Protein chains: 2
Amino acid sequence: MEKPKTVTCTAPVNIAVIKYWGKRNEELILPINSSLSVTLHQDQLKTTTTVATSRSFQEDRIWLNGKEEDITHPRLQSCLRESESWLLVPLKKIYRNNKPTCHFFCVLYLVRRLARKRSKDGDPASDSMKLSHKVHICSVNDFPTAAGLASSAAGFACLVYTLAQVFGVEGELSEIARQGSGSACRSMYGGFVQWIMGEEDDGKDSLAQQVAPETHWPELRVLVLVASAERKPVGSTSGMQTSVQTSRLLKHRAESVVPGRMVEMIEAVQRRDFAAFAELTMKDSNQFHATCLDTYPPIFYLNSVSQQVINLVHRYNGHYKETRLAYTFDAGPNAVIYTLQQHVPEFVQAVQHFFPPETNGGEFIKGLPIEHVALPEELRQAIGLEPLAKGISYIISTKVGPGPCVLEDPTQHLLGSDGWPKKTL
Amino acid sequence: MEKPKTVTCTAPVNIAVIKYWGKRNEELILPINSSLSVTLHQDQLKTTTTVATSRSFQEDRIWLNGKEEDITHPRLQSCLRESESWLLVPLKKIYRNNKPTCHFFCVLYLVRRLARKRSKDGDPASDSMKLSHKVHICSVNDFPTAAGLASSAAGFACLVYTLAQVFGVEGELSEIARQGSGSACRSMYGGFVQWIMGEEDDGKDSLAQQVAPETHWPELRVLVLVASAERKPVGSTSGMQTSVQTSRLLKHRAESVVPGRMVEMIEAVQRRDFAAFAELTMKDSNQFHATCLDTYPPIFYLNSVSQQVINLVHRYNGHYKETRLAYTFDAGPNAVIYTLQQHVPEFVQAVQHFFPPETNGGEFIKGLPIEHVALPEELRQAIGLEPLAKGISYIISTKVGPGPCVLEDPTQHLLGSDGWPKKTL
């Protein structure tokens, strides 16, 4: 048996500060407004993906977090076999209720098509023989599902990036990542990234672009406050569909509010103006959740823990008469806090005080180590909230980080030298 | 001593289905959009006010729920003495932080001024001698503050209506009630009432108007679900100020969404189209709370109990594939439910099931009696929420009712024949 060609890469999570909510084209995943995010560091949160390709593989196969995705649906198989004539849009419609599987194969198809095109154009990096080989894909997230972080963004960014390495495709790949999961396009770059909504019907101009690299603002810190989740909220795909169909305020936000905010946010990042960055971040998170409430039936992602975090942040900032903290919430109750390095230890004490954890040990804080300080009595009194026990399970402490990377060490491959998942998974 | 002239009236609470949130003029209480409400029946919820006037009274005095309001502030007294030259707007600015006292005297001034004007115009009902007499005012609400129902609307409507009786003023009075508390103008009429925002700077065209009388839709029922309040939320006066200053979505709502909704709502009421009425009511409540969340810092009036009521209503309607229930929430967590008579018993069982009360006795339901029925098992399963114990303290069961009334029975006066509060208060 020929030894498979194997590549392993990692890709980061990103957290939007100007939110993406609503598609103007469901199949191509084209948004109704531009958005902007911060890429988190992969030392704390990442997806790892290995892709192996070999003449001896019979089918394209994929294992996610140790479990194989079922791709035995006859229509999906037939599409995969005749991939050149495969019509992407109808396939997506057929598989709408099995989104991840369908989208994984969309992305695989798109990378192969791009590789084939560049091969015909004479790109020396591509190898037309290899393009007909089947792939084995193995992907794991190192962050718990409970963290409520959109794993699909890191997952699709990682898949696209790794496939591109295998098939020798270079250049702009965020357009393909976007078609796996909208916000995945922003995980294709490190630092501060905007997803430009674009205007074309085919989505060719709906791309991610780096606004500033990860080295631009070294003092910026990110804390993920993982709320003790009660129940599964409404999924973002169906949630944003309902919002687009029913919320008058979402339409106004997308058309009239976000364009100005994108300009302001890019300026705030470029100037490293924390107060401007933080206030816009909070306002935009609140406006996104306002449009969810204006959806019919309404969607609630913020629970009582989220409300308490919001109150805590405003009272903290109010006490210091300075915007030292910003919160933002995606489609779930977990808060992501942006702050500067020097404010982290005190804020973490405040969180521990107002959300007394189940175990007060070191388990409460994961990620970058945080110095222990005392919580000033006057700050505690100024905040003056009733402590909410066990509301927050733990905090992940991290910072801004780079985009996807290739792992050179072959011991880190998730597929063995035979191209099949290692037993240790 | 001359026997005082004494009049006692009652006035109703109203619950908006198209919400009022935001003033374009703080002093004259002119709103940024029109609104529409349902007047609740006074058999269940009302304010009672007695006004006595006598040559022998030394000062205007007022007792609210058994406690005298302090009007000893020297500037307020000087304004009251020279009431003709009293400048309303500056006074309101001075007393902004003591709003109820100030507004009571505003209203008193305005009714006297109107009576004086009509007396000069030769209206035979007015008596210019009486206008210089001081008044004693005594007012009580028969609903608990905990019910979170805006007592100021019923209170000011009752005060204006009673003063107008004493001073013999007839005709349009909602413009004066509006200057006591905005939504009070809608409590000046029974049935279905719109508050037309008006366009004039002086507010002369910002008036309430009956859309349909209380007899128009006899099957309509109203249930007030009183949530076990945790803490005092942000007051509506300061809340709406902050919203007007900071929420882009509120501006859009007021200018572009509400005008169309007013037309649709009036049509739905006129046609007695419950589904249209209910859906618009729910959407408008949600949009109001969305603008609160878009306020900076955000305002939360809906808590976890409110969210559960919203989910319960949507799942109930979903089960029957028919809109049988509507919720609406004002500046607090209590839900007001609109439904038709035939659906009340089953819905109340659902509330008791999903919000198990502290005492399961008759105390849970106040107001109009409700027949006991069993909760259908398939409905219970279709709703499928986790019961939230003690979330709702009790339910007030009521219906649409008439506007303010004069109580002819002198034993019901809150002031004795000497013009002073009765001992029993």
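Let's start with Asp205(A), which sits in the loop between β10 and β11 of chain A. Keep in mind that this is a predicted model. Is Asp205(A) buried or exposed? It counts as exposed, because there are 12 C-beta neighbours inside 10 Å, and the cut-off for exposed is 12 or fewer. Setting aside neighbours within four places in sequence, Asp205(A) is in contact with Gly198(A), Glu199(A) and Glu200(A). Arg61(A), on the other hand, is 144 residues from Asp205(A) in sequence, and their C-alpha atoms are 31 Å apart in space.

Now let's step back to the whole of chain A. The domain assignment gives domain 1, made of 5–216 + 406–412, and domain 2, which covers 220–399. How many residues of domain 1 of chain A are in contact with domain 2 of chain A? There are 26, and they touch 31 residues of domain 2. On the domain 1 side, β2 (14–18), β5 (35–39), β10 (192–196) and β11 (207–212) of chain A each supply at least two residues. β2(A) gives the most to that side, with three residues. By class, that side of domain 1 has 16 nonpolar, seven polar and three charged residues.

And finally, the two chains.

Note on methods
Residues numbered from 1 in each chain as written. Chains lettered and ligands numbered in written order. Predicted model: local features only at pLDDT ≥ 70, side-chain atom pairs only at ≥ 80, totals over all residues. Domains from an automatic or database assignment. Contact = placed C-beta atoms within 7 Å. Helix = DSSP H or I, 4+ residues; strand = E, 2+ residues; numbered from the N terminus. Nonpolar A, V, L, I, M, F, W, Y, C, P; charged D, E, K, R; others polar. Buried ≥ 20, exposed ≤ 12 C-beta atoms within 10 Å, placed from the backbone.
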